[in-house]
Amino acid sequence: MGKKETFKYYRKTFMRDNYRCVYCEREMLGDIDDWLSLEVDHIIPQAIKKDDDTDNLVTSCNVCNKMKSSYYDPEIEKRSTRKEKIAFVKKYIKGKREVEQKRWRKAVMQYNYYLKTGEKIDDRELEVTRIEK
């Protein structure tokens, strides 16, 4: 696929999905950083199934696309509609986000402790009890 064809292919996907990440629902036209984070994802990864059909393509932010990576569970094939497949992957990404959010919170706590005391603390000693956005 040439550069012009790729651009049209991406643009059609973005427009169909209203320039919104289908996984986290982030609006991708808010500013230049959002715009540069736009990606097209294959619901069923190309490594599993070489399918560039529009029903297998979604708009994704770079964070969700990175978290999904080449995730594939054969159960997804049992979902009959695009919407059901997206919901299945969305659930997986939500779980990954929760894990990463805890890791992020520990890193912030560790850094704040360092700024306050000048001492480094092993993040295994930190307990994350509340997750903040």
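Two strands count as paired here if DSSP finds at least two bridges between them; strands themselves are DSSP runs of E, at least two residues long, and helices are runs of H or I, at least four, numbered from the N terminus. In this predicted model, local features need pLDDT of at least 70 and side-chain atom pairs count only at 80 or more, while totals for chains, interfaces and linings use all residues. Residues are numbered from 1 along each chain as its sequence is written, and side-chain values use heavy atoms, leaving out hydrogens and water.

β1 and β2 run antiparallel, joined by five bridges, with Glu 39 sitting opposite Ser 60 in β2. Five of the five β2 residues (57-61) are buried, so the strand is largely enclosed by the rest of the structure; buried means under 20% relative accessible area, exposed over 50%, partly exposed in between (1.4 Å probe, protein chains only). Leu 57, Thr 59 and Cys 61 cover one side, Val 58 and Ser 60 the other.

## His 42

His 42 belongs to β1 (residues 38-42) and is buried at 12%. Leaving aside residues up to four places away in sequence, its contacts (heavy atoms within 4.5 Å) include Tyr 9, Asp 51 and Lys 68.

## Aromatic cluster

Tyr 10, Phe 14, Tyr 19 and Trp 35 make up one aromatic cluster. Rings of Phe, Tyr and Trp (its six-membered ring) pair if their centres lie within 6.5 Å; planes under 30 degrees apart are stacked, over 60 edge-to-face, the rest tilted. Tyr 10 and Phe 14 both lie in helix α1 (residues 3-16), about one turn apart.
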